[in-house]
Each structure stands twice: as C-alpha cells, then as structure tokens.
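Welcome, and thanks for taking a look at this chain.

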Amino acid sequence: MSSTIVPAGIQTMTTSIRKGPVLHIHPESLRLSGYLAFWFMVAISIIVTKAKVTEDLENTLLIEWFGYNNICVYFDFNPAREVAAMIYPLVEYCLFLYLLASHLHVWCSWRQKLVSRRFLLIDRVLVIIETILMSWFRMVFVIKAPDDIKGHTYGFLGLQVVLCIVAIKNLVYFHKIHMSPLQIMQQQLGFPNLLNEKGQDIVGGTYVVLLVGVTVFKMAFCLTTFAGNPFIDTKTKGSSGQKIAQLADVIWMLLAAVVPAIIAFFQRKHTDTLHIGLGFDESKVLGTKDENASLLTSVETGTVEGEEEGGN
C-alpha cells in the first residue's frame, strides 16, 4: 500500500471520479521547453532579419534612444517581427504551464509540511502577478517600435520582473526542501560535492543577487532614458557608459536566459513529477447517487490512502 499526499481540492475529487487518464507533468521540463523555444525564436528571427530585412541596422531606434543595438533589434522589423510573433506562443504557453505546475508543486510540498502556509500563499499571489506580466510581453509584437518605443519596451520590462521573481522563489523553495540545483548538477556530472548546504545556498544566492542587480540596472537605465535623463552616457560611441550598458545586456541574457535553461535541464530528472488524474463524476454521468459526492465540496482533508494497481 502506498500513501500519496495531494492538495486539498484535488484529492477531494478522487472518491467519486474514477477511470480517467492521468497526466504526468514535470515543471522543469516545461521550463526547459520554454527556454529552448525562446532561443529557437531568436535564431529564426536573426536568420529572417539578415535574409529579408532591408532597413539599416546601424541606424535604428535602439541606437537613437540607447546608443546601441541588442537582441531585440531582431524582433523589430517585418517580416522577422511576424515570424517571431508566430513562434512566441510556444514560449509563452510552456512558461505559463511551468508557473502553474511550479505552484502545484509548492502546494503539494505544503501538504507534506515541507514549506509553510505563508510561503504557499505568497507563491499563489506571485503566480497571478507573473502570469499577467508575462502575458503583456506579447505587446512587443503588437506595438511597433517606430510607433511607440516606450509601449514597445514596457512589455519586455515586465518579463524581466517575472524572471527575477521566479529566481528568488526557486532559491527559497529549493532551500526549504533541501534540494540545491548545484548539488544536482554536481551529481549528474560526476563531480565531488565540495560544498555543504550553506555553501550551495551562498552560490545560489549570489546568482540571484547578480540577476536582480543587473535587471535593476537595465530597468533604471531604460526608464531614466525615457524620462530624458539617463544616468549613464551610452550615445557617445565607444564611451565607458556604452560599454557598461552593452556588457550588462550580455550578462543579463546569460543569467536570465541561459543559466535557468541549464538548471532546468539537470533538475528535470531530480524533482518530483506531478500526477494529475482526470475523469468524470460517475454519479452525474451514470445518473446515480454517489454517497461520496458530497466530498467534492470539502476544502480540508487529510492524507489519501491509495493502492497501486496490482498491489494491496
């Protein structure tokens, strides 16, 4: 006999819903898929821009406003913008599902008393904020940069906030369940574990501090530029300000779009898979009265004891 703990509101349906398929969902696989789709979108956009775009890329709005081009220039011109917009749903849906699956993971961990109720409730609020901000990123494809550079850019700023929130949440969550991504990577690569749990937390915390720091720098630079008073000079070609801003862009891209993909790649085999059962309420489908149907309205239950197929 095996004992399985599932969140309240899901487990209450198990008594009257049977014979349905079971979905096996792994949050980190979804995150990895989202990042791979993002880099696929970037690669295709670069190819289309170089092959089909006739605009002068040395004289763009990005250079006019910020003094240099970054990766976003490959989403700004037709037909690359339309191609990127068609691919982006692959990125968006994978990351949306990742956010939802991660929250369900936290929910299950709370039921097993691995995380506090406060952490669960904070995560629930943050998931809503993350979902809204991530959905607004698509505005970079809706609002053309030449029409409204500010409106075009704000969606990207929201995505930066989302990635910082996710990094902070994951740092806290994996600390609470004593499962450091660094430890998992070392095990899979066959490296000796040279750091104790505290040392691994320091490495993870350093990564998050760098990501948040670079993000704040980029956002402050962007917003002060839009306000007409940038705090560093990037429009003078070859200036230290321009070099610092370009370096910050590269570092941010590595921290926000490369490192998380590497972490997800290693963690997908070492974190629990979610098993979500689907089915019909037999009492409604068959027109019979199920004595357990009243449990569907319950919001607080304990551990559900279940038997594996073929076992007792």
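## Reading the helices

Helices here are DSSP runs of H or I with at least four residues, numbered from the N terminus. Please keep in mind that the model is predicted.

## Spans from the record

An unreviewed UniProt entry gives the feature "transmembrane region" for residues 32-49, 83-101, 121-141, 153-174, 207-232 and 244-266. Let us visit two of these spans. Residues 121-141 are 90% helix and 0% strand, with 33 Å between the end C-alpha atoms. For residues 207-232 the figures are 77% helix and 0% strand, and the end C-alpha atoms are 25 Å apart.

## How α4 packs with α6

Helix α4 covers residues 117-136 and helix α6 covers residues 149-176; they pack at an angle of about 155°, and their axes are 8 Å apart. Because angles over 145 degrees count as roughly antiparallel, α4 is roughly antiparallel to α6. Their crossing is left-handed.

Which residues meet? On the α4 side they include F119, L126, V127 and W136, and on the α6 side G155, L159, I165 and Y173 are among them. D123 and E130 of α4 also take part, as do K169 and K176 of α6. Sorted by class, this contact has 13 nonpolar, 2 polar and 4 charged residues.

## A lysine in α8

K218 belongs to helix α8, which runs over residues 197-226. Is K218 buried or exposed? K218 counts as buried because its relative accessibility is 12%, and the cut-off for buried is under 20%. Leaving aside residues up to four places away in sequence, K218 touches Q160, A248, D249 and W252.

Methods:
Residues are numbered from 1 along each chain as its sequence is written. This is a predicted model: local features need pLDDT of at least 70, side-chain atom pairs count only at pLDDT 80 or more; totals for chains, interfaces and linings use all residues. Side-chain values use heavy atoms; hydrogens and water are left out. Axes are lines fitted to C-alpha atoms, for helices over the stretch in contact, and angles run from 0 to 180 degrees between N-to-C directions. Helices (H or I, at least four residues) and strands (E, at least two) are DSSP runs, numbered from the N terminus. Angles under 35 degrees count as roughly parallel, over 145 as roughly antiparallel, 65 to 115 as roughly perpendicular and the rest as oblique. A crossing is left-handed if the near helix is turned anticlockwise from the far one by less than a right angle, and right-handed if clockwise. Contact means heavy atoms within 4.5 Å. Ala, Val, Leu, Ile, Met, Phe, Trp, Tyr, Cys and Pro count as nonpolar, Asp, Glu, Lys and Arg as charged, and the others, Gly among them, as polar. UniProt positions are given in the numbering used here, feature names are shortened, and annotations may be inferred rather than shown by experiment. Buried means under 20% relative accessible area, exposed over 50%, partly exposed in between (1.4 Å probe, protein chains only).
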